[in-house]
Amino acid sequence: MQINVFVAQQFLFQRQWQKVRNYAESRGIRIMGDMPIYVGYHSADVWANKNQFILNRKGFPLLVSGVPPDAFSETGQLWGSPLYDWNAMEKEGYSWWIRRIRRAQNLYDEFRIDHFRGLAGFWAVPSEAKVAMVGKWKVGPGISFFDAIFRAVGRINITAEDLGVITEDVVQLRKSIGAPGMAVLQFGFGSDAANPHLPHNHECNQVVYTGTHDNDTIQGWWEALKQGEKSNVINYLSLSEPDDISWELIKTALASVAQTTIIPMQDVLGLGSSARMNIPATQFGNWGWRIESSVSFDSLEREAARLKEMLSMYGRC
């Protein structure tokens with residue numbers, strides 16, 4: 001009975017989503033989706049394809065996903081998803097991934113592959129570990145993976161989430177398939193002028209964000225900076241203390257040479273930390289933000305006018 005509920009939900013979602021996508025297409029709007037690199041242990045993907053994952057004879061994960069210590073967590077991030085058996089996948093021509101890519105094409109016009117670096121090299125953590133820092137780097141599938149995908153489905157429009165510990169092999173893999181990487185303005189301040197997230201270091205084949213789903217909102221980020229050193233932000237933007245930091249960073253993102261700019265709705269609305277979407281390395285209290293039902297898009301004429309003016313000024317419309 002419980003399975004039937006999920007089947008019904010998937011059926012209704014597919015039908016409703018297709019109407020949304022058809023409408024967007026009729027208006028000349030392309031939809032960009034997001035593909036997590038890993039899937040959950042209790043998913044049908046794992047249980048119907050056990051030989052594609054690193055599991056023991058009883059079907060439990062031997063190694064799980066995560067990343068070493070980073071800016072979000074001193075002990076790393078322990079995601080806990082079962083890792084792929086890339087050798088087994090290669091022997092089957094990456095057929096599982098080909099089906100997954102085709103499904104994504106059914107939903108989106110293009111999509112971002114989360115944790116792209118895991119396709120070059122991934123962090124493997126023993127399943128019994130309590131923290132991610134005890135893991136080890138292992139070699140990913142690399143270009144053979146994309147060669148198989150492209151042979152099966154043709155060239156695909158993807159964005160590579162290349163944040164975190166990025167080594168030269170990750171950069172070369174991304175460039176070899178022509179995928180744009182990412183720059184996040186909130187990561188640009190606090191170091192020196194060589195920081196790749198600063199606008200003067202952006203590349204044309206790139207997607208620039210004011211912040212991602214893992215970041216605080218601009219307003220929340222700014223309030224936190226007030227507790228410490230923020231002069232380099234003010235100096236870079238050539239501002240005195242800005243009254244509306246959200247729109248200053250939005251303008252900076254739109255002025256970038258990067259081919260695409262993505263701005264979270266929370267930043268357009270100028271919301272604070274209470275509207276943050278996700279806090280990495282935490283398991284609870286995330287992914288709950290929604291636009292308040294009291295907010296009507298008809299009431300956002302001022303924001304729409306500002307966006308339209310900036311889009312026109314920087315040739316993005």
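**Figure legends: a predicted chain in overview and close-up**

Residues 24 or more positions apart account for 65% of those contacts in the chain (heavy atoms within 4.5 Å) that have a separation of 6 or more. The model is predicted, so local features need pLDDT of at least 70 and side-chain atom pairs count only at pLDDT 80 or more, whereas totals for chains, interfaces and linings use all residues. Residues are numbered from 1 along each chain as its sequence is written, and side-chain values use heavy atoms, with hydrogens and water left out.

**Figure 1. Overview of the chain.** The secondary structure comprises 11 helices and 10 strands; helices (H or I, at least four residues) and strands (E, at least two) are DSSP runs, numbered from the N terminus. Along the principal axes, the C-alpha atoms fill a box of roughly 60 × 45 × 40 Å. Of the 317 residues, 44% count as buried, where buried means under 20% relative accessible area, exposed over 50%, and partly exposed in between (1.4 Å probe, protein chains only). The accessible surface comes to about 17700 Å², and 54% of this surface belongs to carbon and sulfur atoms; the areas come from the Shrake-Rupley method with a 1.4 Å probe, and for residues only the protein chains shown count as cover. There are 31 positive and 33 negative side chains, with the centres of the two sets 9 Å apart. Lys and Arg count as positive and Asp and Glu as negative, while His and the chain ends are not counted; each charge is placed at NZ of Lys, CZ of Arg, CG of Asp or CD of Glu.

**Figure 2. Strand β5 and its two antiparallel partners.** Strand β5 (residues 121-126) is mostly covered, with 5 of its 6 residues buried. Strand β2 (residues 63-67) runs antiparallel to β5 and is joined to it by 4 bridges; strands pair if DSSP finds at least two bridges between them. Within this pairing, Gly-66 has Trp-123 of β5 as its bridge partner. Strand β6 (residues 136-139) also pairs with β5 in the antiparallel sense, over 4 bridges. Here the bridge partner of Gly-121 is Val-139 of β6.

**Figure 3. Surroundings of Val-64.** Val-64 belongs to strand β2 and is buried, with a relative accessible area of 6%. Although 62 residues separate Val-64 from Pro-126 along the chain, their C-alpha atoms are 6.3 Å apart. Neighbours within four places in sequence aside, the contacts of Val-64 include Trp-123, Ala-124, Val-125 and Pro-126, together with Leu-78, Gly-80, Ser-81 and Leu-83.

Figure 4. His-115 lies in the loop between β4 (110-113) and β5. His-115 counts as buried, because its relative accessibility is 6%. Its phi is near 55°, a positive value in a residue other than glycine.

**Figure 5. Helix α5 and its cover.** The buried residues of α5 (residues 143-153) are Phe-145, Phe-146, Ala-148, Ile-149, Phe-150 and Val-153. Their cover includes α3 (86-91), α4 (95-107), β7 (158-160) and α6 (168-176). Just after the helix, Gly-154 adopts a positive phi of about 85°.

**Figure 6. Helix α9 and its cover.** Of the 10 residues of α9 (residues 245-254), 8 are buried. Among them are Trp-247, Leu-249, Ile-250 and Leu-254. The elements that cover these buried residues include the strands β9 (206-209) and β10 (260-262) and the helices α7 (218-225), α10 (265-268) and α11 (301-313).

**Figure 7. Trp-287 in the loop between α10 and α11.** Trp-287 is found in the loop that lies between these two helices. With a relative accessibility of 47%, Trp-287 counts as partly exposed. Phi of Trp-287 is near 60°, a positive value in a residue other than glycine. His-213 is 74 residues away in sequence and 8.9 Å away in space, C-alpha to C-alpha. Leaving aside neighbours within four places in sequence, Trp-287 contacts His-213, Met-277 and Asn-278.
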